[in-house]
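Have the model open while you go through them.

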Amino acid sequence: MKGCWAKYAVTGVILALLAGCSSKPTDRGQQYIDGKLEQPLALVNQPNAKGFPVNGKDFADQVGEIQFASPAMFTRQNGTYSAIKGWLMAGGDTRQLRQFGLDAYQMEGVDNYGNVQFTGYYTPVIQARYTRQGEFQYPLYRMPPRSKGRRLPSRAEIYRGALDERYVVAWSNSLIDNFMMDVQGSGYVDYGDGRPLMFFGYGGKNGHGYHSIGKTLIDRGEVKREDMSMQAIRKWADEHSPAEVRELLETNASFVFFKPENFAPVRGSSAVPLVAKASVAADRSLIPPGSVLLAEVPLLDNNGKFTGKYEMRVMVALDVGGAIKGQHFDIYQGIGADAGHMAGFFNHYGRVWILRSAPGAGSTLFSNS
C-alpha cells in the first residue's frame, strides 16, 4: 500500500511564505478578491467564483473507489457525496450549492487572503534489474529489521554500504530516480523482462529527519528560489558529477524503504486507490479524510508558468504528506513521466471551499448509475 504519510513532495517543501508580506504577489496565481479572511474555514453562502467543475466523471470514479475500498468512509461522507452528485448532474453551478443541501466553507489560505497552496505529486516508473549489472548500480531496499532503541543508518551511511545486500530488492540505473521515488513514497519498477510492472509501495523509513535538497540548492545559490522545481533539480543533477549528486542527496538523512508487490493501484494513506487530479494529500488535523474540496486551480503552461487562468475541480482528501500542513494541498497527478512533469512544476495558489452536507439535508445513496 502506498503509505503516502511518509512521502515528502519535492515542491511541497519549498514554501513561499506569503504571510506577513507587505506586497501582494500574483505570479503564482494569488488572488485577493475576497478580502482578508479571519477563520481557517469560514462558512459562506456561496463561493465567490464563476464556472463549474471540469472533472465530474473523475470525481464520480474516485467516489466509486471509496465505496469499494473504504465502506466506512463512504458511509460517513455519503450525504455529502450524494448531494454533490445531484449538484454536478444539474450543471455544477457554484451559485446553486445551497439548493442541493451543500454548505461551502472557504479556506483562509496561507496569507489570510484565501490563497491556498497547491503542490503536486505523482507515481514514477523507473528502470531496474534483479541483479547488479552494467549501468544498474543503484540499490533499492526493503525495510531491514530495526534494533530496539537504535535508529537505522542515515542516507549517507546507506550509500556507503551500511546495509547488507540481502535487503536489496532492485538495482536501478539512476541514483536521482531512486531519490525521486523515495520522495514520492512509492512507484512502479520495470525490470525490463517483459513482465508487468512491479509496484513498490512504502515499506518504512529510517527515522532520520527530512531535509529538502531543493532548499539546499537555493541556499547555496545554485538555483534561484523562483526557478525551483523538480525539473530544476534534475537539470542540476544532469550537469554535475555522480559524486556531487550523491553529496547533495546525502544532505537529506531521511531514507525510504519499499515493499514490492505485484501490479497494484496507487493508494493513498486512506487505502483507497487514487484517481489523478481528483484526489489530494491534506493535513488531516484540519481536513478529515474523505472530505471534498471545490478548488479553483491555477492552470500552468508546459513550462510551469501560470497562464492567468483557473479551472474548477472537485477533489477528495485521501492522502497525507510530511510537508503538507495547514492551508496546503498536494494534488495527485497520476503515473509516469507526463504526470511527473506537471507535478514537478506545481507550487502555486488557488482558492478552496470544503463542501459538506448541510445539517438536516436529506441524502440518498451515491451510485454511478
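Which residues of H1 are buried? They are Phe59, Ala60, Gln62, Val63 and Ile66, where buried means under 20% relative accessible area, exposed over 50% and partly exposed in between (1.4 Å probe, protein chains only).

1. Ground rules. This is a predicted model, in which local features need pLDDT of at least 70 and side-chain atom pairs count only at pLDDT 80 or more, while totals for chains, interfaces and linings use all residues. Residues are numbered from 1 along each chain as its sequence is written, and side-chain values use heavy atoms, with hydrogens and water left out. Helices (H or I, at least four residues) and strands (E, at least two) are DSSP runs numbered from the N terminus.

2. The faces of H1. Seen down the axis of H1, the buried residues fall within an arc of 160 degrees, so they line one face of the helix; the arc is taken from the directions from the helix axis to the C-beta atoms. An α-helix has 3.6 residues a turn, so residues three or four places apart point the same way. On the face of H1 turned away from the buried side you'll find the exposed residues Lys57 and Phe68.

3. The length of H1. Helix H1 runs over residues 56-69, and its 14 residues at 1.5 Å each should span 20 Å; the end C-alpha atoms are 20 Å apart, so the two agree. The expected span here is 1.5 Å times one less than the number of residues.

4. What sits over H1. The cover on the buried residues of H1 includes helix H2 (71-89) and the strands S10 (279-281), S11 (292-300) and S12 (306-319). Contact throughout means heavy atoms within 4.5 Å.

5. H1 against H2. These two helices pack at an angle of about 160 degrees, with axes 9 Å apart. Axes are lines fitted to C-alpha atoms, for helices over the stretch in contact, and angles run from 0 to 180 degrees between N-to-C directions. From the H1 side, Gly56, Phe59, Val63, Ile66, Gln67, Phe68 and Ala69 meet Pro71, Met73, Phe74, Tyr81, Ile84 and Leu88 of H2.

6. Two backbone spots to look at. Asn112 has phi near 70 degrees, a positive value in a residue other than glycine. Asn112 belongs to the loop between strand S2 (102-107) and strand S3 (116-123), and is partly exposed at 25% relative accessible area. Lys277 likewise is a non-glycine residue with positive phi, near 65 degrees. Its loop joins strand S9 (256-261) and S10, and Lys277 is partly exposed at 34%.

7. Ser154. Where is Ser154 found? Look in the loop between strand S5 (138-141) and helix H3 (155-159). With 12% relative accessibility, Ser154 counts as buried. Neighbours within four places in sequence aside, Ser154 is in contact with Asn206, His208 and Ala253.

8. Arg284. This residue sits in the loop between S10 and S11 and is partly exposed, at 44% relative accessible area. Setting aside neighbours within four places in sequence, Arg284 is in contact with Ser269, Ser270, Pro289 and Val320.
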